[in-house]
Amino acid sequence: MTKNQTEVRVREVSATDLPPIPDMAVVDRWMQQRKTQPGLPVPREQGAGHYQQIVLDTRTGELRFHCEDWTRRQSRTEIADSQQWTINPITWVTVPRVLYWIIQSGVDELPYLTAEEGNALAHRIAPTAQDLLDHLRPIPGTDELDWSAAAITAGHAVDQMTDRPGGTHGYGYALVDMERAVAVLPGMVRRHWAELPDAELDQAAEDVNRLAGCNERWWPELPSLLGLENRKLRVVGTRAWLYQHRLDRAGGRTPVDADKWLTLRYGMWVGPASVPADAEEPPPSLISTDDDTQALIQAAEIADGAAHAQGIRLLNTVDVLHRFRREMRVRLVEELDTFGRRRKSAENELAKARTATNSRILQIIGWGDPSWDNDAELARRAQMSRQAVNKLRDQLTDPVYVDVELHDAGGTARICHIGEGWWWLGHGGDGTYHEAEQTYDDRDEARDDAHAWLVEHDPLSREQRAEQDALRQRADEFAAARQLDSNHPDFHEVFPHRTVDGYVDGDGRPL
């Protein structure tokens with residue numbers, strides 16, 4: 001496997017590049033005085049801590065002594081794109097661009113270093129840092145690096161060199177390179193690894209690094225095969241190995257995620273929704289929402305063949321096409337929602353326009369004005385047929401169309417048949433005229449709306465109308481008692497009315 005070729009070079013720093021060294025004598029005096037002076041302010045120097053570091057740029061090889069500005073008490077390091085060396089990370093799959101080790105200075109065993117002492121430490125560490133870089137593994141097809149057992153061992157050695165004398169270093173794992181693990185257990189290689197796109201391959205690399213030999217489902221026999229029965233195992237270099245394995249299985253072609261290639265390469269758009277806006281004409285779709293699994297397999301073969309001609313090996317093509325089809329179907333269902341709302345809105349607007357047109361024609365006909373008695377002219381203006389206008393005229397004159405006349409609140413409303421529904425127009429007691437702005441599927445609903453409108457346009461107050469309704473009820477009771485109805489010639493003679501003495505009948509007799 002190819003090794004990293006970066007060379008280490010030390011960049012020396014001067015005292016002017018660094019913050020001042022904390023005066024620990026100030027801290028010592030504070031420690032003594034606070035015993036007798038509670039509440040004494042804490043000096044800034046007390047918070048300096050381990051602010052000195054050794055920094056390594058794993059891409060350029062630059063190695064230098066660095067000091068955080070302890071006077072500003074920052075919660076994060078000043079070093080950009082960096083990661084602190086950790087003895088026991090969760091995974092060893094990614095090499096950061098910049099690594100730094102904290103120098104355990106600021107104690108009696110190791111006082112804070114001057115710029116000269118820090119530069120000298122960097123020079124002493126340089127050979128070990130070079131050993132670390134030499135054993136980093138390039139990840140094929142990327143500009144990233146992966147770890148190896150030798151690189152991690154070199155990193156631990158640098159960690160020891162930055163520690164104070166007598167520091168403890170307890171790394172309990174046995175480090176094993178992935179190629180060595182595969183050599184003793186070839187069966188651990190999974191067939192699908194060669195088909196995985198980058199994101200899924202990265203997850204596989206992390207799983208192997210974290211679980212191989214440490215879990216009963218992840219090759220528990222591996223430690224004994226490696227002669228490490230009594231050690232915790234950590235397989236490293238998994239990401240670089242998996243990427244190289246996938247490349248080897250590609251037969252000299254470049255592995256490319258199928259989803260990227262299918263959507264970005266010319267002429268191979270998956271569906272109409274993926275067509276670039278600047279395309280002169282929509283190219284044929286590779287798949288459609290109606291395709292079954294066999295059709296997707298055939299489409300994958302077409303895509304694989306086209307990619308092969310370009311020296312590319314597509315990864316996981318069939319699964320990607322299944323996902324694309326699912327996404328296309330979801331979009332189609334979402335379009336159903338959109339067009340359903342548009343259809344409903346259009347139908348509502350159409351119903352309003354039809355009602356408004358019909359009501360105006362009915363109102364014009366109701367005038368009885370000879371100058372507007374030409375059905376053909378009305379039809380032309382309404383963009384309707386003359387026969388439709390004739391039918392509306394019949395609704396005003398033919399009892400078949402008038403369902404009921406509603407007399408209420410001093411006004412009158414007609415509920416009429418229009419097509420398969422009902423419509424109403426009303427004359428309010430206050431002299432206003434109104435026609436319904438819609439047709440109703442239910443006659444009672446039309447009647448209720450007409451009644452509500454009549455009540456709203458009642459010229460009498462609520463109290464006056466209640467009084468009139470009570471009078472009308474008394475009249476009904478009075479007529480029923482005398483076996484009279486509204487058609488009886490004597491009804492209006494005996495119809496009760498109100499006087500200062502109360503309600504009386506037509507003869508002035510109290511009711």
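Predicted model: local features only at pLDDT ≥ 70, side-chain atom pairs only at ≥ 80, totals over all residues.
Let me begin with strand β8, residues 173-177, which is mostly covered, four of its five residues being buried. The partner of β8 is strand β9, residues 232-236; the two pair in the parallel sense over five bridges. Within this pairing, Asp177 has Val236 of β9 opposite.

For context, I turn to the chain as a whole. The protein chain has 511 residues, of which 39% are buried. Its secondary structure comprises 15 helices and 17 strands. Of the contacts in the protein chain with a separation of 6 or more, 62% are between residues 24 or more positions apart.

In soluble globular proteins, nonpolar side chains tend to be buried together. Here, the largest nonpolar core contains 38 residues, and the ones with the most contacts inside it are Ile54, Leu63, Phe65, Trp101, Leu132, Leu136 and Trp147. Which elements each supply at least two residues of this core? They are β2 (52-57), β3 (62-67), β5 (98-102), α2 (115-134) and α3 (149-161). The largest share, eight residues, is that of α2. Another core, of 25 residues, lies apart from this one, and includes Ile139, Ala174, Ala205 and Tyr243.

Neighbours within four places in sequence aside, its contacts include Val8, Arg9, Val10 and Arg11, then Ile54, Val55 and Leu56. Leu63 is also in contact with Ala122, Ile125, Ala126 and Ala129.

My next residue is Asp207, in helix α5, residues 198-211. Is Asp207 buried or exposed? Its relative accessibility is 16%, and because the cut-off for burial is under 20%, Asp207 counts as buried. If residues up to four places away in sequence are not counted, Asp207 touches Ala212 and Trp218.

I now move to strand β10, residues 254-257. In a regular strand the side chains alternate between the two faces of the sheet. Strand β11, residues 312-315, runs parallel to β10 and is joined to it by four bridges. Opposite Pro255 stands Arg313 in β11.

The loop between α8 (258-264) and α9 (293-308) contains Thr289. This residue has a relative accessibility of 18%, which is under 20%, and therefore Thr289 counts as buried. Setting aside neighbours within four places in sequence, Thr289 is in contact with Arg325, Met328, Arg329 and Leu332.

I close with a helix pair. Two packed helices are described by the angle between their axes and the distance between the axes. For α9 and helix α10, residues 317-367, the angle is about 120° and the axes are 9 Å apart. The two helices are therefore oblique to each other. The crossing of α9 past α10 is right-handed. Which residues of α9 take part in the meeting with α10? On the α9 side they are Thr293, Leu296, Ile297, Ala299, Ala300, Ala303 and Asp304. They meet Thr317, Val318, Leu321, His322 and Arg325 in α10. Arg325 has already been named as a contact of Thr289.

Terms used: Residues numbered from 1 in each chain as written. Heavy atoms only, no water. Buried < 20%, exposed > 50% of the residue type's maximum accessible area, 1.4 Å probe, protein only. Contact = heavy atoms within 4.5 Å. Core = buried A, V, L, I, M, F, W, Y, C linked by side-chain atoms within 4.5 Å. Pairing = 2+ DSSP bridges. Axes fitted to C-alpha atoms, helices over the stretch in contact; angles between N-to-C directions. Parallel < 35°, antiparallel > 145°, perpendicular 65-115°, else oblique. Left-handed = near helix turned anticlockwise from the far one by under 90°.
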